[in-house]
Amino acid sequence: MKEQVKKFGGKAHYGFQIVAVGALTGLFAGVIVTLYSALAKMSEEFSRGYYGFFRENPAFIPLLFLALAVGAIVIGGVLKFIPMIRGSGIPQTEGATRGLIRYKWYQVLPAMFACSLFTIFMGLSAGSEGPSIMIGGASGCGVSDVLKRNATVRRYSITGGACAGLAVAFNAPLTGMAFAFEEAHKRFTPEVFVCAFSSVIFAILTRNLLGPCVGVGAGATFTTFVFDTGAFTDYKFYGFVLFAAIICALVAVGFYFLLFLSKKVFAKITFFKGMGKFLIPFLVGGAFALITVNVMGGGHDFIEHLGSGSKEALESVFSSPLWATLLIVIVLKLILTVLNLGAGVPCGIFIPMLAIGAGLGALLSLLCVAMGMPEAYADILVMVCMATFFTTVVKAPITGIVMVVELTWNFTFLLPAILGVAVGYLLGDLFRTEPLYDKLLDGILEGEKKEHREITARLRVTDGSLAVERAVRDVLWPAGARIALIERGGRMFIPDGNTKLELGDVLTAVGETADEEEFLELLTETVGERLDAESVPPPKPPEKDTEKKE
């Protein structure tokens with residue numbers, strides 16, 4: 001039995017294994033996330049209803065704030081027992097896909113499911129897309145654990161589940177797959193593509209089958225936007241795009257630094273054993289939701305109302321003109337998102353960021369129209385600013401472009417979107433911002449304070465292994481591992497990412513890890529044969545790899 005399992009895990013059956021596990025992950029994640037999306041939609045609608053009651057009956061408002069205070073303490077208590085679900089869950093999921101974080105999926109999945117729904121139900125500015133990614137990733141982890149797959153397959157399964165969660169939440173399969181390449185693993189390999197593709201396809205099929213039964217419709221697709229094709233041949237329009245993208249990117253940079261300032265401030269709040277800090281986002285969120293319904297939930301309805309086909313339906317704030325309403329909603333939404341992330345409220349900030357960007361686009365489009373831009377171009381500017389804001393903060397330009405195109409099913413404004421995203425990315429670099437989720441992940445890893453040990457191991461590439469005939473960069477190595485030296489045919493050289501591994505190569509792998517046993521096990525599964533059970537110092541390489549790259 002042992003030999004059969006090993007053979008099934010070898011290179012000959014590896015592709016089939018990833019497809020099979022990915023398909024099962026897609027089915028499981030599709031069911032769970034579809035149900036979650038339906039409940040999130042119901043929770044948001046219900047919260048809008050009872051907040052309307054409190055607006056009409058202000059005498060009962062103290063009861064609302066009492067309920068919010070109790071809810072804040074409940075969430076704080078849950079997070080003391082399961083801290084892994086703090087925030088949106090995206091950094092934790094990315095850490096799991098890279099092998100940097102291990103969590104108990106049977107704890108994380110129901111905890112994030114329930115707590116994030118609770119924050120939406122309480123009327124906070126909380127999106128469901130971020131938690132959907134974590135729920136999908138936990139589903140993938142569960143599938144691989146139940147099937148007793150190795151750690152490498154588990155990482156692919158978590159990747160597929162996370163992509164499936166995002167794809168189901170947005171009903172956007174291409175966005176889900178782009179997330180795998182650009183965010184989860186930050187590289188393209190055949191295995192990443194296969195696991196993402198198989199999981200996303202089966203998850204979307206499951207969603208389309210179950211969606212009508214549980215009240216899940218078209219997802220986050222925006223249908224009120226109308227795009228004038230004349231804008232794409234009007235060279236003056238690109239000047240307006242450049243202007244709006246610069247303003248939007250500067251606001252995004254400010255938002256980025258406010259997020260991490262907020263985290264530092266909340267880290268110092270220890271009232272009521274640290275649970276008291278959740279009172280701030282809950283009570284402020286409740287107060288802002290009484291001011292305007294547009295700050296509640298993720299922001300899908302708000303974005304939808306920014307399209308020219310629905311702008312007149314946008315609820316005014318204090319009977320203000322449109323520009324003032326947009327400015328108020330943007331500021332309130334930005335403050336709430338900063339507070340939620342700073343405190344670690346288990347809710348998504350993915351679509352709230354899109355809502356802030358879209359609101360900025362609508363506000364800037366009014367200014368641009370006053371400066372001479374045709375009003376018919378306004379909807380394009382909203383979409384461009386949405387992608388620009390997201391890219392400036394997250395540093396995921398491909399995902400940003402694919403997302404706005406897929407959510408509108410219109411490819412005609414691709415060039416303006418690329419221009420806006422490029423401006424956002426460059427300005428982010430100018431102000432030395434790091435990818436948001438990567439920096440949040442670094443903070444989580446620092447907080448764990450695990451002792452890491454430096455490991456060195458020598459391994460031989462064997463026939464049928466996952467590494468043979470593959471370039472170094474195309475192999476999914478354990479987290480923190482790098483190939484420092486290759487011994488081949490009596491000579492030694494330092495490889496680079498393009499170096500192709502051949503049968504019989506002896507590799508010297510080095511890295512730091514908190515789990516030495518798993519680190520060495522993953523290396524052996526990948527390369528084929530470990531030559532030394534003990535850590536040994538690598539021999540000094542006499543030469544650089546000068547082989548012709550294939």
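How far is the sulfur of Cys347 from the closest cysteine sulfur? The distance is 11 Å, to Cys115, which is too far for a bond. Before going on, note that this is a predicted model, where local features need pLDDT of at least 70, side-chain atom pairs count only at pLDDT 80 or more, and totals for chains, interfaces and linings use all residues. Residues are numbered from 1 along each chain as its sequence is written, and side-chain values use heavy atoms, with hydrogens and water left out.

A disulfide here is a pair of cysteine sulfur atoms within 2.5 Å, and a search of the whole structure finds zero of them. Cys163 is buried at 0% relative accessibility, and Cys347 is buried at 2%; buried means under 20% relative accessible area, using a 1.4 Å probe and protein chains only.

Let us move to Ala244, found in helix H10 (helices are DSSP runs of H or I, at least four residues, numbered from the N terminus). Ala244 is buried too, with a relative accessible area of 1%. Leaving aside neighbours within four places in sequence, Ala244 is in contact (heavy atoms within 4.5 Å) with Leu364, Leu381 and Cys385. Ser365 sits 121 residues from Ala244 in sequence, yet their C-alpha atoms are 7.9 Å apart in space.

Definitions and conventions
Helices (H or I, at least four residues) and strands (E, at least two) are DSSP runs, numbered from the N terminus. Buried means under 20% relative accessible area, exposed over 50%, partly exposed in between (1.4 Å probe, protein chains only).
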